[in-house]
Amino acid sequence: MDDSKGVFLKRQRALADFGDFALQSEDLDEVLTEACRLVGEAMATGRAKVLEIEEGGRSLLVRAGVGWKRGIIGKLRLPADENSPETYSIRARRPVITQDVSKEDRFEIRGFMKKAGVVALANVPVLLPGGRAYGLLQVDDTKPRDFGQEDTEFLRTYASILGPVIDRLFKLRDLRSSEERFRLIVEEATDYAILVTDRDDRITDWLPGAAAVFGWNSEEVIGKPGALTFTPEDRAASQARKEIETARERGVAPDVRWHQRNDGSRVFIEGSVRALRDRHGSVTGFLKIGQDVTARREWQDQQQVLLAELQHRTRNLMGVVRRIADQTLRSSRNLEDFGSKFRDRLSALLRAQGMLSRLSEGERVTFDELIGSELSALGDYDKTGGRATLEGPKGVALRSSTLQTLALALHELCTNALKYGALHQPNGHLSIRWRITRENGRRWLHVDWRESGVAVPTTPDTAPREGGAGRELIERALPYQLGAKTSYVIGADGVHCTIALPVSETAR
Amino acid sequence: MAACRMQNRRILIVEDEYLLASELAEILSEAGAVVIGPAATVRDALALIAQADSLDAAMLDVNLGGELVFPVADALTARQVPFVLTTGYPRRDLPAGYEHVQRIEKPLEPDVVADAIMQMLMAK
């Protein structure tokens, strides 16, 4: 085997080896380094590098190389000077050879190369499919060298293989980066449950958002039916299948319903199911994307409950007002009498509603507030002072449900006292005392309302009649509605009334 | 007319608001009915049903101070006693099984109450 045939075979092998390597690797730097190694070996220089055009052609990066120091490869950027052989080779799209640096008079050879002992070099442009220049393959030798036609043709062949290999890796990198972006987007979107099922609606992809929303991890659900996240009711009603069929027919189907997590809890999803199709239009699977809107949904439900409660209260209140009007009408002597009594009673209702409406969540109206409010409503009943004594603990929290009826009852007691009783008669005195006891584990408020110094009229058509509405509230409404124990006695010197009712456990 | 048909019929009232319960009792008594109750709580209503030898119909307030009346409704259904639900929120959905129960809106109008009861008594 003569020498030139040996060289030829060696070079053929370099090309073949590079081809094999390039098919197996997807790492550009690795491929370029191997290209340099093989070409350095084939050219028996041991030195080669690949320069990549950067900054739109203003500089060249030493992207890969063998026989060069670490500080240069991947780091050194060469300005694309006008008088450099690299720039010329790229512009002219043909190999440029310097056989001996000391005799080079066309180009300026870079200082770092001279310093590294480069004496001869060959520049071969690397072109990408379509003709765009990628950069250069540069083979260096430390002694003068011809780089004759065989060398040059080999390097051109080598560079023409390098171009498409680089191009393929670029495309792969772009694809990867767009895949990576896509992956990052869907993986970061943890408020969105995203999953893909196959044509039979078996789960094939379960993204982190789906895991975050539904609780299962990917391994637990792959291959399971898409109905997995549906509630038992919806599964029984084949809702998952209905959605799939709609998506198959119309392309997309809404999925807005309660779903079920792996721990059995419910999550409200607002989303859709989209049919995925191949190039021929047949359905290959389904993409399901939904947002967890449970918090909003629960808030809406809560609003509905509040609204219903408001409706209930308003309508009951209207009924109460109508009943009070009827009763007041029956006990009124004339329209004027009706007007003043009805207005007073409505005012008492209004005060109770007002106190309730000013409460924050968990707060309660206290008994001292309520009795204080009813007495104040009487106006200046105690000009001389000492007409009324109030004695009892502050801050006894009343159950809100009891307030309205209790307020109406106290209003009647106060009004009667002012019109006929202790607050009306010159020697009258009103004593209101209250205390708390605990009976069978429940807190009870005991109110003792005692009027004294009151000359009780014996004629039947004044006080007792006025006492009618108040008396009914105390003797019947409070026990009925509040579970209270009450007594109402018209004694020799005035009314004595006791009210015992369960109160809130939470002291204010 | 209503008065004759309702004569001596035994009608249970369940309503927690005293003033409304007493009004309804008055309406029914004036129409000649025998009022059973009124009861303000589920517990009291169930006790009345258990004690009553016979019941012809019932008027049930849905919301008894936050407590829902449905256990009472179930007890009446078990005894085949017809009932009407009185409610402050007509548009709100009732639980499954009660969708077809007759409902009347509060505040109650005496004529509407009488009609509802007559219908129940005639259907019986």
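At what angle do helix 3 (residues 42–51) of chain B and helix 4 (residues 70–78) of chain B pack, and how far apart are their axes?

## Two helices of chain B

In this predicted model, helix 3 and helix 4 of chain B pack at an angle of about 15°, and their axes lie 9 Å apart. Because angles under 35 degrees count as roughly parallel, helix 3 of chain B is described as roughly parallel to helix 4 of chain B. The crossing of these two helices of chain B is right-handed.

On the side of helix 3 of chain B, the contact is made by B:Val42, B:Ala45, B:Leu46 and B:Ile49, and on the side of helix 4 of chain B by B:Pro71, B:Val72, B:Ala75 and B:Leu76. By class, this contact between helix 3 and helix 4 of chain B has eight nonpolar residues, with no polar and no charged ones.

## The two chains in outline

Chain B contains five helices and seven strands, and along its sequence these follow the pattern α-β-α-β-α-β-β-β-α-β-β-α. Of the 124 residues in chain B, 46% are buried. When contacts in chain B between residues at least 6 apart in sequence are considered, 65% of them join residues at least 24 apart.

Chain A has 14 helices and 16 strands, and 33% of its 508 residues count as buried. Among the contacts in chain A with a separation of 6 or more, 55% are between residues 24 or more positions apart.

## Where the chains touch

Between the chains, 15 residues of chain B are in contact with 17 residues of chain A. On the chain B side, helix 2 of chain B supplies the largest share, with four residues. Sorted by class, the side of chain B that touches chain A has seven nonpolar, three polar and five charged residues.

Helix 10 (residues 294–330) of chain A and helix 2 (residues 18–30) of chain B have axes that come within 9 Å and cross at roughly 60°, which means that helix 10 of chain A is oblique to helix 2 of chain B. The crossing of helix 10 of chain A with helix 2 of chain B is left-handed. Helix 10 of chain A takes part through A:Asn316, A:Gly319, A:Val320, A:Arg323 and A:Ile324, while helix 2 of chain B takes part through B:Leu19, B:Leu20 and B:Glu23. The contact of these two helices has four nonpolar, two polar and two charged residues.

In soluble globular proteins, nonpolar side chains tend to be buried together. In the largest nonpolar core of this model, which has 83 residues, B:Ile11, B:Ala58 and B:Leu60 touch the most other members. Helix 13 (residues 400–419) of chain A gives the most to this core, with nine residues. There is also a second, separate core of 40 residues, whose members include A:Ala35, A:Ile73, A:Leu136 and A:Ile166.

B:Ile11 lies in strand 1 (residues 10–14) of chain B, and B:Ile11 counts as buried because it has 25 C-beta neighbours inside 10 Å. Although B:Ile11 and B:Met59 are 48 residues apart along the chain, their C-alpha atoms are separated by 7.6 Å. Neighbours within four places in sequence aside, the contacts of B:Ile11 include B:Leu28, B:Val35, B:Ala58 and B:Ile117. With the corresponding neighbours left out, B:Ala58 is in contact with B:Ile11, B:Leu12, B:Val14, B:Leu76, B:Val81 and B:Phe83.

## Two places in chain A

Helix 3 (residues 85–92) of chain A has buried residues at A:Pro85, A:Glu86, A:Thr87, A:Ser89 and A:Ile90. Among the elements that cover these buried residues are strand 1 (48–54), strand 2 (59–66) and strand 6 (133–141) of chain A. After helix 3 of chain A comes A:Arg93, whose phi is positive, near 60°.

A:Gly421 sits in the loop between helix 13 and strand 13 (429–439) of chain A, and A:Gly421 is buried because 25 other C-beta atoms lie within 10 Å. The C-alpha atoms of A:Gly421 and A:Val454 are separated by 5.9 Å, with the two residues 33 apart along the chain. Not counting residues up to four places away in sequence, A:Gly421 touches A:Asn416, A:Gly428, A:Glu451, A:Val454, A:Gly494 and A:Val495.

Note on methods:
Residues numbered from 1 in each chain as written. Chains lettered and ligands numbered in written order. Predicted model: local features only at pLDDT ≥ 70, side-chain atom pairs only at ≥ 80, totals over all residues. Axes fitted to C-alpha atoms, helices over the stretch in contact; angles between N-to-C directions. Parallel < 35°, antiparallel > 145°, perpendicular 65-115°, else oblique. Left-handed = near helix turned anticlockwise from the far one by under 90°. Contact = placed C-beta atoms within 7 Å. Nonpolar A, V, L, I, M, F, W, Y, C, P; charged D, E, K, R; others polar. Buried ≥ 20, exposed ≤ 12 C-beta atoms within 10 Å, placed from the backbone. Core = buried A, V, L, I, M, F, W, Y, C linked by C-beta atoms within 7 Å.
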